[in-house]
Amino acid sequence: MDEAIEGGCLCGRTRYRATRPPSATTNCHCRSCRMAAGASGVAWAVFSREDFTFSAGERVIYHSSPGVQRGFCGRCGTSLTYESDHDPDVIEVNLVTLDHADDFPPERESWLDDALPWEVVDPDLPHHRGSRKEPPDA
């Protein structure tokens with residue numbers, strides 16, 4: 001890859017960069033992600049921690065559940081990251097905060113058991129009732 005993948009928060013204070021593309025992109029519909037982002041669902045890009053750095057500003061960390069840390073900008077409140085003790089080698093980044101989010105469309109829908117009944121999901125993507133790591137529904 002010739003160019004770094006960059007992104008950041010709404011106000012521009014917190015910025016990040018990745019030197020390699022994400023290993024996965026997922027639309028998550030779990031209640032925890034919905035509440036953290038104030039949205040009906042959240043698209044995540046999964047990056048290797050070794051390929052990812054913050055280039056400006058600092059995140060505020062909120063421990064949303066045991067072993068889970070969510071990062072956001074302390075100035076504008078943009079939801080930026082999801083980190084889990086169960087997968088310490090990756091950092092998940094709110095996909096829409098990428099400068100060129102359109103380059104990395106979601107590849108699957110996850111936690112559909114938690115989705116709001118009026119939420120529209122992409123029928124062409126694999127659907128997971130729970131985690132993206134579980135087999136998709138048939």
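## Strands β4 and β9

Strand β4 pairs with strand β9 (residues 90-94) in the antiparallel sense, over 5 bridges. Two strands count as paired if DSSP finds at least two bridges between them. Strands are DSSP runs of E with at least two residues, numbered from the N terminus. Within this pair, Ala-45 stands opposite Val-93 in β9.

This is a predicted model: local features need pLDDT of at least 70, side-chain atom pairs count only at pLDDT 80 or more, and totals for chains, interfaces and linings use all residues. Residues are numbered from 1 along each chain as its sequence is written, and side-chain values use heavy atoms, with hydrogens and water left out.

## The other side of β4

Strand β3 (residues 24-28) also joins β4, through 5 bridges, and the two run antiparallel. Here Thr-25 stands opposite Ala-45 in β4.

How many residues of strand β4 are buried? Of the 7 residues in β4 (residues 42-48), 6 are buried, so the strand is largely enclosed by the rest of the structure. Buried means under 20% relative accessible area, with a 1.4 Å probe and protein chains only.

## The whole sheet

These strands belong to an open sheet of 7 strands. The order is β6-β7-β8-β9-β4-β3-β10, and the pairing is mixed. The edge strands are β6 (59-65) and β10 (108-110), and each pairs on one side only. From one strand to the next, the twist averages 30 degrees. Axes are lines fitted to C-alpha atoms, and angles run from 0 to 180 degrees between N-to-C directions.

β6 pairs with strand β7 (residues 68-73) in the antiparallel sense, over 6 bridges. Ser-65 stands opposite Val-68 in β7.

Definitions and conventions
Helix = DSSP H or I, 4+ residues; strand = E, 2+ residues; numbered from the N terminus. Buried < 20%, exposed > 50% of the residue type's maximum accessible area, 1.4 Å probe, protein only.
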